[in-house]
Amino acid sequence: MAEASIHTVYYNSPIGTILLQAEDENLTIVSFRDDVSIIETGTTASPVLLEAIKQLDEYFAGTRKQFDLPLHPAGTAFQQKVWDQLMKIPYAETVTYLHMAKRLGNVKSIRAAASANGKNPIGIIIPCHRVVGADGKLTGYAGGLHRKQWLLEHEAKMAGKKSSLF
């Protein structure tokens, strides 16, 4: 069995450095990195990473509202179900953690759904930033609440909506 080919690039977004990683031809990681000292100079880009960079450029420019990339996030079966539900949240819309639990078929799974949301390894593209607290306020985001707020306000602006934040 052939060993997987792993490629890594760092992307400078308007809200910080993002690590992108692909295994073979599937995107596996998109995560913010605040420690710029970790940036390596010998990174390699595969076709899927080049396409991810192109699509992220379009997203940040406001011309892309939906990503079209082969994804392979590593996680449990339950986490996969949660991440599949996240992909169904429309651009510039938000849902609550309770709504996510209901979509999963069990309101008692709210904490587990929130935990899985927080473990999403492919941020922005699997839009975990679109999940908010029951009162509509921002809660938890692995990339930092300032980035979650920026992403939601960016999407609202690009969609011609007034941001409901604050």
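**Note on the predicted model: sheet, helix packing and pocket**

1. E2 and E3 pair in the antiparallel sense, and seven bridges join them. The model is predicted. Within this pair, Ile18 stands opposite Phe32 in E3. The two strands form a hairpin with two residues between them. Asp24 sits in the turn and has a positive phi of about 55°.

2. On the other pairing, E1 and strand E2 (residues 16-23) are antiparallel over eight bridges.

3. Next, a helix pair. Two packed helices are described by the angle between their axes and the distance between the axes. The axes of helix H2 (residues 77-86) and H4 come within 9 Å. They cross at roughly 75°. Angles of 65 to 115 degrees count as roughly perpendicular, so H2 and H4 are roughly perpendicular to each other.

4. Which residues make the contact between H2 and H4? From H2 come Phe78, Gln79, Val82, Trp83 and Leu86. From H4 come Ala112, Ala113, Ala116 and Asn117. By class, the contact has seven nonpolar, two polar and no charged residues. Gln79 of H2 and Asn117 of H4 are the polar pair in that list.

5. The largest pocket holds about 220 Å³. Its lining has 16 residues. Nearest the centre of the pocket lie Asn120, Cys128, Tyr141, Ala142 and Gly143.

6. Which elements give two or more residues to the lining of the largest pocket? They are strand E3 (26-33) and helix H4 (110-118).

7. What is the make-up of the pocket lining by class? The lining of the largest pocket divides into nine nonpolar, seven polar and no charged residues. The contact of H2 with H4 likewise has no charged residues.

Conventions. Residues are numbered from 1 along each chain as its sequence is written. This is a predicted model: local features need pLDDT of at least 70, side-chain atom pairs count only at pLDDT 80 or more; totals for chains, interfaces and linings use all residues. Side-chain values use heavy atoms; hydrogens and water are left out. On a 1 Å grid over the protein atoms alone, a cavity is a set of points where a 1.4 Å probe fits but cannot get out, and a pocket is an open set with protein on both sides within 12 Å along at least five of seven lines; lining residues have an atom within 4 Å of a point. Grid points are joined across faces, edges and corners, and a volume is the space filled by probe spheres set on the points. Helices (H or I, at least four residues) and strands (E, at least two) are DSSP runs, numbered from the N terminus. Two strands pair if DSSP finds at least two bridges between them. Axes are lines fitted to C-alpha atoms, for helices over the stretch in contact, and angles run from 0 to 180 degrees between N-to-C directions. Angles under 35 degrees count as roughly parallel, over 145 as roughly antiparallel, 65 to 115 as roughly perpendicular and the rest as oblique. Contact means heavy atoms within 4.5 Å.
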